[in-house]
Amino acid sequence: MKLLEDKVILVTGASRGIGRGIAKVLAGHGAGIAFTYLSSPEKGAELENELSTVGVKVKGYRSDASDFGAAEKLISDIMADFGKIDAVVNNAGITRDNLLMRMSEDQFDEVIKANLKSAFNVTKAVIKPMLKARAGSIINMSSIVGVKGNAGQANYAASKAGMIGLTKSVALELGSRNIRCNAIAPGFIETEMTASLGEEVVKGWNEAIPLKRPGTVDDVANLVLFLASDMSGYITGQVIHVDGGLVT
Ligand code: NAP
């Protein structure tokens with residue numbers, strides 16, 4: 001059964017990792033996919049080719065989610081190309097890890113802008129067509145680090161905690177217009193973002209995770225599928241963990 005037939009979904013930061021996996025799963029369920037990337041146009045083109053073989057409409061846009069004007073232009077371009085946007089996945093994100101003692105102002109600002117302000121930018125632009133349609137699902141990619149903090153990631157944890165506040169506020173403001181907003185808090189998911197961690201670090205994570213394995217991109221994408229579909233029509237303002245039970 002295809003859950004997203006006739007829907008159009010925007011996924012930010014889909015050139016690799018979790019975003020790419022999300023775009024594939026949503027396309028497999030019949031959704032038209034608009035996606036963004038920033039520094040990997042070749043990977044964007046690759047994804048566009050791959051998804052067009054699935055038989056859905058797909059278009060990649062080079063767009064910096066942290067730039068307010070660029071986000072407004074992105075939404076108006078997608079509206080011109082696809083005619084509507086049913087759901088948005090604010091997935092684009094970066095890390096610039098350092099202990100607070102050594103963290104520069106630039107490292108802090110860059111992460112807040114790419115991870116948190118980006119979600120504000122895209123959400124603010126997309127609610128205009130969603131308000132007109134009186135429907136929409138906004139899905140923000142937070143992290144368990146935004147719930148519990150993490151040494152060496154004060155900037156990243158603050159950005160991900162901020163996304164939770166943004167999510168709950170948007171849910172309260174727009175629920176009466178049938179626009180839902182939820183956050184996903186992944187734990188340790190195997191992607192390029194986590195590939196640079198050493199073997200010992202990965203072993204430590206696996207020991208701490210009750211399900212005794214790292215998460216996969218599909219573990220996260222399957223929750224996005226549910227939240228973007230009408231099956232989650234009575235769910236809003238929630239933070240749902242995909243972390244193998246790590247944070248309870
Ligand atoms: P990733 O492999 O590093 O991919 C990040 C994606 O975001 C790339 O497609 C990148 O595009 C894009 N991006 C970065 N800055 C952007 C910007 N300003 N505008 C548009 N696109 C931008 O990361 P990931 O592991 O898949 O993580 C995806 C999301 O899940 C992030 O928000 C991350 O914080 C969150 N998360 C990940 C984990 C994990 O264990 N991996 C855990 C919790 C939460 P380019 O390559 O084109 O620059």
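1. Helices here are DSSP runs of H or I with at least four residues, and strands are E runs of at least two, numbered from the N terminus. Pockets are open sets of points on a 1 Å grid over the protein atoms alone, where a 1.4 Å probe fits, with protein on both sides within 12 Å along at least five of seven lines; lining residues have an atom within 4 Å of a point.

2. Please keep in mind that this is a predicted model, in which local features need pLDDT of at least 70 and side-chain atom pairs count only at pLDDT 80 or more, while totals for chains, interfaces and linings use all residues. Residues are numbered from 1 along each chain as its sequence is written, and side-chain values use heavy atoms, with hydrogens and water left out.

3. Now to the largest pocket: its volume is about 1200 Å³. Its lining has 48 residues, with G93, I94, T95, Y156 and M193 nearest the centre. Elements giving two or more residues to this lining are α1, β2 (32–37), α4 (105–133), α6, α7 and α8 (199–208).

4. What takes up the space of the largest pocket? The ligand does. An oxygen atom of the ligand is 2.7 Å from a side-chain N or O atom of T191, and an oxygen atom of the ligand also lies 2.7 Å from a polar backbone atom of N91.

Conventions
Polar contact = N/O pair within 3.5 Å; in protein donor to acceptor, adjacent residues only side chain to side chain. Sits in = over half its atoms within 2 Å of the grid points. Points joined across faces, edges and corners; volume = space filled by probe spheres on them.
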